[in-house]
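I set out below what I looked up in this structure, entry by entry. The entries follow the order in which I consulted the model.

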Amino acid sequence: MKIGVIGESLIDVLTDASGAAVERPGGSPLNVAITLARLDVDVQLFTAVGDDPRGNALLAHLRDQGVEVTRGQSSAATAVARAILDADGHATYDFDVTWDPKFGADWPELDVLHFGSLGALITPGAVEVASVIDRYAGKALISYDPNWRDGILDADPQPIVEANAARADIVKLSEDDAAAAYPGLELEAVARTLLDLGPGLVVITQGESGASGWTQKATKHCPAAPIEVVDTVGAGDAFTATLISELAELSRDQVAALSKREIELLLDFASFVAGKTCERAGADPPLIAELF
């Protein structure tokens with residue numbers, strides 16, 4: 001089994017409530033890839049970083065974590081996200097990102113290809129990502145996480161989210177993503193709207209309230225287990241990685257046919273891994289040996 005992830009890698013500059021700052025590797029696709037590697041999955045990240053100390057540090061970190069990296073050509077400096085953590089550990093972000101990777105023509109066989117976040121939003125790179133997704137359509141399970149961030153684009157997120165969801169077999173989004181794309185719409189209605197675009201499974205995470213999953217025939221909500229939150233950085237990405245690792249051996253039709261009990265087991269395990277990530281500082285998902 002091999003999973004590919006395509007999207008940005010960046011440096012998170014985390015500033016806590018006291019004003020202390022620290023730099024850590026970040027970016028939703030990078031976090032997903034590292035979580036997959038820590039879950040003992042063969043994973044390849046298609047990304048781009050600058051030819052600078054931060055970029056070199058990101059590449060070294062990814063390889064140390066066991067992630068195979070395909071580096072797209074880019075003349076831009078390594079992207080930076082500045083995260084301000086409140087007293088509860090929740091982050092708000094400000095971004096300095098240029099996304100214009102140019103990948104080669106040598107693409108491996110994959111069981112799953114995951115995309116989303118800034119890499120599917122910021123042009124011209126988002127066009128390149130879309131072409132790669134189309135290349136794997138019908139050949140690999142496609143997973144999408146909008147991971148929408150305010151301030152990145154001066155645009156309505158709904159048509160962007162819908163265009164990308166229509167390419168996917170699995171869509172995972174947060175309740176904040178849902179509210180950005182469909183303000184005022186109930187989560188059930190958001191999920192049904194996205195399912196009608198073609199995905200077999202839609203999952204919406206709801207923070208401390210848990211997560212819900214929908215197919216056309218089954219629905220299940222799972223509450224979150226109580227945890228002591230240090231911060232929430234990377235928790236959604238850990239959830240996403242666990243979700244797709246558990247579904248990687250299924251076909252598109254099998255994903256769409258998941259039973260209520262299968263959805264429950266899936267969400268419980270993904271929430272468990274995300275919860276473990278919340279109990280640590282920064283995007284630091286657990287190793288598989290720490291889960292059992």
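Predicted model: local features only at pLDDT ≥ 70, side-chain atom pairs only at ≥ 80, totals over all residues.

Residues are numbered from 1 along each chain as its sequence is written, and side-chain values use heavy atoms, with hydrogens and water left out.

**Entry: helix H1**

I took helices (H or I, at least four residues) and strands (E, at least two) as DSSP runs, numbered from the N terminus. Helix H1 spans residues 28–38, and eleven of its eleven residues are buried. I applied the cut-offs of under 20% relative accessible area for buried and over 50% for exposed, with partly exposed in between (1.4 Å probe, protein chains only). Among the buried residues of H1 I listed Ser28, Pro29, Asn31 and Arg38.

**Entry: the sheet**

I then traced the sheet, counting two strands as paired if DSSP finds at least two bridges between them. Nine strands form an open sheet of mixed pairing, in the order S5-S4-S1-S8-S9-S10-S11-S12-S13. S5 (68–71) and S13 stand at the edges with a single partner strand each, so one side of each is left without a neighbour in the sheet. The twist averages 15 degrees from one strand to the next. Helix H6 (residues 187–195) packs on the sheet, touching S10, S11, S12 and S13, and its direction makes about 150 degrees with that of S11. For such angles, axes are lines fitted to C-alpha atoms, for helices over the stretch in contact, and the values run from 0 to 180 degrees between N-to-C directions; contact means heavy atoms within 4.5 Å.

**Entry: strand S9**

I found five of the five residues of S9 buried, so this strand is largely enclosed by the rest of the structure. Leu141, Ser143 and Asp145 lie on one side and Ile142 and Tyr144 on the other. S8 and S9 run parallel, joined by five bridges, and Phe115 stands opposite Tyr144. S9 also pairs with S10 (residues 170–174) in the parallel sense, over two bridges; here Ser143 has Ile170 as its bridge partner.

**Entry: strand S12**

From S12 (residues 211–214), Ala211 and Gly213 point one way and Ser212 and Trp214 the other, and all are buried. S12 runs antiparallel to S11 (residues 201–205), with four bridges, one pairing Ile204 with Ser212. Five residues separate S11 and S12 in their hairpin, and Gly207 in the turn has a positive phi of about 60 degrees. Four bridges also join S12 to S13 (residues 219–222), again antiparallel, and Ala211 has Cys222 as its bridge partner. The hairpin from S12 to S13 passes through four residues.

**Entry: Ser117**

Where does Ser117 lie? I placed Ser117 in the loop between S8 (112–116) and helix H3 (125–136). Its relative accessibility is 2%, and Ser117 therefore counts as buried. Leaving out residues up to four places away in sequence, Ser117 touches Glu8, Ser28, Pro29, Asp145, Pro146 and Asn147.
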